[in-house]
Amino acid sequence: EFIGEPFQPFRGLVGQLVDALPVEVLSSHTAMCGGDLSRLVPNLQARVPAPRREVAEDQATARHLLFQAVVDIVRRSADIEPVLLVVDDLHWAELTGLQLLVHLVRELAGHRVMVIATYRETGSADSGPLRTAIADLARLGTHRVSLAGLDVHELTEFVHARVPLSVGRDVGRVAARLVSDTAGNP
């Protein structure tokens, strides 16, 4: 999902906000920072043409302006109604996407925004940028919930509830195979 494209999860999240926000809210946003945000979400200009601004000469300034533009549009959305941002498979995210996530959580504290981010603890959480992001998020007071896979009994119930009755007597064997193949991830 994230491989090869910076900010990929945020393109979709912010794109949905751009599609949902009233034009007057987008107009006031684009007057402030639309040029920066349109680099991330091109469909913004389809809704509200943004004045073209000069691109920042250094990457740090350009990144900061983009991060602030994302914060601004999420904040404006949250002023209208609560916002839930779900970022899945964080273990695939690249450095700038992780930095944007931490920035959003920091800047949107106290606003009507909930961020849920998921990642697999398959070794990727033990090294590099993801470990740093997780530590930064913990310092910001986020809550971490660790989930384990389902055991054989739980998977038996899961399979029994979702598999056609013709499998009936083989449910235990199917559940055992699922535990073996997926470590209990339904």
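**Stop one: the start of the chain**

Select Glu5, which sits in the segment before α1; helices (H or I, at least four residues) and strands (E, at least two) are DSSP runs, numbered from the N terminus. A word on ground rules: this is a predicted model, where local features need pLDDT of at least 70, side-chain atom pairs count only at pLDDT 80 or more, and totals for chains, interfaces and linings use all residues. Residues are numbered from 1 along each chain as its sequence is written, and side-chain values use heavy atoms, with hydrogens and water left out.

Glu5 counts as partly exposed because its relative accessibility is 34% (buried is under 20% relative accessible area, exposed over 50%, partly exposed in between, with a 1.4 Å probe and protein chains only).

**Stop two: helix α1**

Select residues 8-20, which are helix α1. Its 13 residues should span 18 Å at 1.5 Å a residue, and the end C-alpha atoms are 19 Å apart, which agrees (the expected span is 1.5 Å times one less than the number of residues). Colour Pro9, Phe10, Leu13, Val14, Gly15, Leu17 and Val18: these are buried.

**Stop three: the core**

Which residues have the most contacts inside the largest nonpolar core? They are Val14, Leu37, Leu40, Val70, Ile73, Val74 and Leu104, in a core of 40 residues. Such a core is a set of buried Ala, Val, Leu, Ile, Met, Phe, Trp, Tyr and Cys residues joined through side-chain atoms within 4.5 Å. Two or more residues each come from α1, α2 (23-40), α4 (59-80), β1 (83-87), α5 and α6, and α4 gives the most, with 8 residues.

Centre on Val70, which touches Val14, Leu37, Leu40, Leu100 and Leu104, leaving aside residues up to four places away in sequence (contact means heavy atoms within 4.5 Å).

**Stop four: α5 against α6**

Show residues 95-107 (α5) and 128-139 (α6): their axes come within 10 Å and cross at roughly 0°. Axes are lines fitted to C-alpha atoms, for helices over the stretch in contact, and angles run from 0 to 180 degrees between N-to-C directions. That makes α5 roughly parallel to α6 (under 35 degrees; over 145 is roughly antiparallel, 65 to 115 roughly perpendicular, the rest oblique).

**Last stop: zoom out**

The protein has 8 helices and 2 strands, and 34% of its 186 residues count as buried.
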